[in-house]
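Q: I'd like a close look at the aromatic rings in this one. Could you walk me through them slowly?

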Amino acid sequence: MRHLALPMYALACAAFLFETTDWDLRTCGPFWNPVSGRWVGEDAFWANGLLHDGGKWAVVAWASSALILFLASLRSRRLERWKWPALYLLLCTVLGTGAVGILKATTGRHCPRELTAFGGTVPYTTLFDGLPPNTPPGHCFPSGHASGALSLLGLYFVARARRVRRPVVWLLPGLVLGSLYALGQHARGAHFLSHDLWAAAVCWIVALGLAWAFGERRLASFEREPAPAWNLASNLDATTTPAAGPDPA
């Protein structure tokens, strides 16, 4: 239960903080130039070409690799032990980003670059205040781009099922890449920090729910390899060959 209770407690504290303070606006401030009226990463290759476009294709490549491995495991006994982990990680990506995409289409929240504080036309309101009257809905909450990287949080549950010595280390790929993706989006005025935190919460819940559904035995299945044929033969001989007794007098 700690894998659900502790993250949800942290999310509740963060949500309260962002709801009662202007931290979202403050964290976007360093990326906004009020003199030029532009975002520092608006035309930067590192934010647009590398982290946004390149990051998107990296997620596609990751999900495609997991799908190919899963399909190959259905036809190859040698790869069969990778079947459930590959399917689990594929579903973490598909369902995690899918859930965030549904929320983006229904919550109606706006990007920082659309707000009056940053040269836009929409007044800033907190998440639970809702949209101002007569304001068209936005499509920026939670962070869809960061969710692609954050779906890698599922690696933790695979490592934990395998009894890896420090499974917490396997949180780093998702957290590090998710932070980089979020940084690029902040520099482009595309998301607030709270958008990324909620995306992380969604991806974590999806990964946790799938881990419960798959079960630890399936996620650890690629550790179990069949015993070599020569070993089975020697064991069989040992059990079927009678032990030599004393010679008859």
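This is a predicted model: local features need pLDDT of at least 70, side-chain atom pairs count only at pLDDT 80 or more; totals for chains, interfaces and linings use all residues.

How many aromatic pairs does a search of the whole structure find?

A: Some ground rules to begin with. Residues are numbered from 1 along each chain as its sequence is written, and side-chain values use heavy atoms, with hydrogens and water left out.

Now the rings. Searching the whole structure turns up eleven aromatic pairs. In one of them, Phe 18 and Trp 23 have ring centres 6.5 Å apart and planes at 80°, so they meet edge-to-face. To count as a pair, rings of Phe, Tyr or Trp (its six-membered ring) need centres within 6.5 Å; planes under 30 degrees apart are stacked, over 60 edge-to-face, and the rest tilted. Phe 18 is buried because its relative accessibility is 8%, whereas Trp 23, at 41%, is partly exposed. Buried means under 20% relative accessible area, exposed means over 50%, and partly exposed is in between (1.4 Å probe, protein chains only).

Next come Phe 141 and Trp 198: their centres are 6.0 Å apart and their planes sit at 65°, so this pair is edge-to-face too. It ties together distant parts of the chain, with Phe 141 in the loop between helix H4 (83–107) and H5, and Trp 198 in helix H8 (residues 193–214), 57 residues apart. Helices here are DSSP runs (H or I, at least four residues), numbered from the N terminus. Phe 141 has a relative accessible area of 6%, so it is buried, while Trp 198, with 23%, is partly exposed.

The charged end of Arg 218 sits over the ring of Trp 84, 4.9 Å from its centre. For that label, NZ of Lys or CZ of Arg must be within 6 Å of the ring centre and within 35 degrees of the ring normal.

How far can you trust the picture? The mean pLDDT of the protein is 89, and 89% of its residues reach 70 or more. Over residues 223–249, though, pLDDT stays under 50, and the model has five contacts (heavy atoms within 4.5 Å) beyond four places in sequence for them.

Key
Helices (H or I, at least four residues) and strands (E, at least two) are DSSP runs, numbered from the N terminus. pLDDT is the predictor's confidence in each residue, from 0 to 100.
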